[in-house]
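Hi everyone, thanks for making time.

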Amino acid sequence: MRKKIVAGNWKMNTTVPEGLELAKAVAAKSAETPANVGLIVATPFTHLAAVAEVLKGSKVELAAQNCADHASGAYTGEVSAAMLKSVGCKWTILGHSERRQYYGETDAKLVEKTKLALAEGLDVILCVGENLDEREAGRHFDVVTEQTENVLLQFSAEDMKHIVIAYEPVWAIGTGKTASSDQAEEIHACIRGILAKHFGAQVAEDTTILYGGSCKPSNAKELFAQKDIDGGLIGGASLKADDFIAIAQSY
Ligand code: PGA
């Protein structure tokens with residue numbers, strides 16, 4: 001059985017003291033979530049080391065929201081995969097639509113970042129998803145297929161054990177507009193088909209595919225009931241411990 005995961009993407013929210021409070025609350029309540037559902041929090045870089053301490057002894061795992069596309073050196077302002085590993089991250093998110101849109105993240109860069117993350121022993125949550133224009137033009141399957149293949153075809157079936165995919169339609173992120181469970185499921189099934197085609201049925205069966213985009217306690221149950229939806233990448237609702245935990249309890 002592939003792993004179910006509920007991951008919180010805090011984005012650029014909370015000061016360090018606020019983040020520590022939130023992490024403490026999530027860690028404390030994590031015992032109330034089903035044992036087969038993994039929990040992850042992706043905090044700002046500044047919070048990682050301190051949050052790692054708070055999460056010790058709980059089931060909650062730590063993620064970064066991005067990592068550098070170089071291993072080390074003269075890249076002012078960047079944070080490497082090795083640095084993330086050294087503060088206790090198990091995961092990094094890569095290719096979030098906000099990084100693609102505002103920071104010029106290309107699929108080629110994502111290949112480099114994913115290689116570096118995997119080499120350091122980090123697991124990757126790779127985000128894909130179409131924007132509103134692409135959805136309205138009926139190009140959503142093509143866009144998601146292209147984004148998925150451009151990165152993942154550079155990796156092996158063995159690497160796929162360390163990669164989770166998050167489908168996040170850009171028009172649903174932070175807008176309150178959730179994709180319907182049918183809209184989400186058909187894209188998830190498409191992604192699983194891509195995995196089957198390139199890596200075989202077993203990899204397709206074993207890979208966790210998350211949904212993200214205005215996922216909240218009121219809609220999580222219906223989304224997570226879909227055959228190919230294995231949990232969520234949660235933005236806004238992950239900033240409230242009770243909502244985040246309630247989403248995990250939808251399973
Ligand atoms: P949202 O964000 O839940 O606030 O829509 C999801 C995400 O961007 O990961």
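**How two helices cross**

Let's start with H1 and H2: H1 passes H2 in a right-handed crossing. Helices, by the way, are DSSP runs of H or I with at least four residues, numbered from the N terminus.

Before I go on, a word on where this comes from: it's a predicted model, where local features need pLDDT of at least 70 and side-chain atom pairs count only at pLDDT 80 or more, while totals for chains, interfaces and linings use all residues. Residues are numbered from 1 along each chain as its sequence is written, and side-chain values use heavy atoms, leaving out hydrogens and water.

Back to our pair. H1 covers residues 16-29 and H2 covers residues 48-55, and they pack at an angle of about 25° with their axes 9 Å apart. Those axes are lines fitted to C-alpha atoms over the stretch in contact, with angles running from 0 to 180 degrees between N-to-C directions. So H1 is roughly parallel to H2; the cut-offs are under 35 degrees for roughly parallel, over 145 for roughly antiparallel, 65 to 115 for roughly perpendicular, and oblique for the rest.

Who touches whom? From H1 we have Gly19, Leu20, Ala23, Lys24 and Ala27, and from H2 Ala50, Val51, Val54 and Leu55. Contact means heavy atoms within 4.5 Å. By class, that's seven nonpolar residues, one polar and one charged. Nonpolar covers Ala, Val, Leu, Ile, Met, Phe, Trp, Tyr, Cys and Pro; charged is Asp, Glu, Lys and Arg; the others, Gly among them, are polar.

**A second pair**

Now look at H5 (residues 107-119) and H7 (residues 140-152), which pack at about 45° with axes 8 Å apart. That angle makes H5 oblique to H7. Their crossing is right-handed. Asp107, Leu110, Val111 and Thr114 of H5 meet Glu146, Gln147, Asn150 and Val151 of H7, which splits into three nonpolar, three polar and two charged.

**One more helix, and a serine**

H8, residues 181-199, has 19 residues and reaches 26 Å from first C-alpha to last, close to the 27 Å expected. That expectation is 1.5 Å times one less than the number of residues. Buried residues in H8 include Ile187, Cys190, Ile191 and Phe199. Just after H8, Gly200 takes a positive phi of about 100°.

Finally, is Ser86 buried or exposed? At 59% relative accessibility, Ser86 counts as exposed (over 50%; buried is under 20%, partly exposed in between, with a 1.4 Å probe and protein chains only).

Terms used:
A crossing is left-handed if the near helix is turned anticlockwise from the far one by less than a right angle, and right-handed if clockwise.
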